[in-house]
Amino acid sequence: MTLNHLVALLTAMSLNANPTPNAIPVRLKPAPVIATTAGRELPRVPVKKRKDSLGIETTAKSALVVDVGSGSVLFAKNANVERPIASLTKLITAMVVLDQGLKGDEKIAIEAGDIEREGRPTLEAGDSMTRKEAFRALLVESVNELANAFARTSPGGRAAFVEAMRAKAATLGLAKATFLDPTGINPRDRASAKDVAIMIRSALAYPEIRELGGAKAYDLKVSNQASAGGVRTIKVKPTNNLVTSYLNAKPYSIVAAKTGSLPEAGFNLAQVTKSPGGQQVIVVILGSGNHFARFQEVKGLTQWAFNTYEWR
């Protein structure tokens with residue numbers, strides 16, 4: 001989508017830097033250090049330079065735009081309402097896996113019980129790979145079987161892993177979050193857009209998550225004694241269509257992202273994008289109307305933020 005197309009999406013809804021009835025009344029906590037002058041921390045704060053700038057209409061039931069560094073909320077729509085978040089749950093899953101120690105060279109294998117009844121699985125029972133390779137596929141293609149395998153093989157097993165997810169949510173201060181499984185396939189895995197923004201902002205502290213933010217399709221070799229030769233190759237495809245958009249091409253870059261969809265949840269996307277000037281914004285879309293709308297709406301809100309605010 002070109003900038004002219006984005007401008008065409010502008011609506012009559014005025015969005016100010018100050019809180020609106022649908023906005024979050026407080027900022028997220030600022031990031032640790034953004035810049036330093038004379039030994040004093042000085043966060044670069046977004047200031048609205050286009051006072052009459054309008055936001056874009058979204059089909060999403062909830063939406064949120066947040067500046068990563070200062071925690072300032074730039075746009076909010078029903079951001080405190082809890083909703084099913086589907087595979088956005090895997091942001092918590094990934095952080096818990098890393099908190100427990102990834103052991104990247106160790107092998108992990110899929111068992112029949114790891115494969116969900118819903119959807120089309122990417123892997124088969126007996127497939128194995130290193131945990132580092134599994135972690136990559138978990139985030140790039142949102143593979144449910146791998147989320148279940150990580151939980152099953154964690155200290156204490158699946159039940160203890162889900163408890164660790166809840167403990168992580170409490171540590172992060174997620175006010176509306178509920179986690180019942182590591183995949184997000186349970187529609188009772190719920191959170192607000194504000195919670196999701198905190199989740200993905202917290203995930204930026206993990207280099208292993210950041211390096212996969214803009215990852216594109218790749219070939220994954222898995223071992224399986226039932227396969228001819230014992231090895232087969234799987235094409236791992238990113239669930240985030242924006243990795244092939246201009247937001248993931250210089251001078252822009254996608255720093256972190258996660259998709260999620262269920263009939264009960266609609267279509268969700270959370271993404272952190274870096275601007276040519278180095279600013280990073282989070283855009284969260286929950287309950288978008290269709291598969292493609294979430295990508296266009298995240299793209300539009302991201303560009304709106306970069307065009308409407310300046311960081312001082």
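Is the crossing of helix 3 and helix 4 left-handed or right-handed? Point 2 takes this up.

1. This is a predicted model, in which local features need pLDDT of at least 70, side-chain atom pairs count only at pLDDT 80 or more, and totals for chains, interfaces and linings use all residues. Residues are numbered from 1 along each chain as its sequence is written, and side-chain values use heavy atoms, with hydrogens and water left out.

2. The crossing of helix 3 and helix 4 is left-handed (the near helix is turned anticlockwise from the far one by less than a right angle). Helices here are DSSP runs of H or I with at least four residues, and strands are runs of E with at least two, numbered from the N terminus. The axes of helix 3 (residues 131-140) and helix 4 (residues 144-152) come within 8 Å and cross at roughly 135 degrees. Helix 3 is therefore oblique to helix 4 (angles under 35 degrees count as roughly parallel, over 145 as roughly antiparallel, 65 to 115 as roughly perpendicular and the rest as oblique). Axes are lines fitted to C-alpha atoms, for helices over the stretch in contact, with angles from 0 to 180 degrees between N-to-C directions.

3. From helix 3, R131, A134, F135, A137 and L138 meet L146, A147 and F150 of helix 4 (contact means heavy atoms within 4.5 Å). The residues of this contact comprise seven nonpolar, no polar and one charged.

4. Mean pLDDT, the predictor's confidence in each residue from 0 to 100, is 88 for the protein, and 86% of its residues reach 70 or more. Over residues 1-26, pLDDT stays under 50. Residues 32-38 likewise stay under 50.

Key
Ala, Val, Leu, Ile, Met, Phe, Trp, Tyr, Cys and Pro count as nonpolar, Asp, Glu, Lys and Arg as charged, and the others, Gly among them, as polar.
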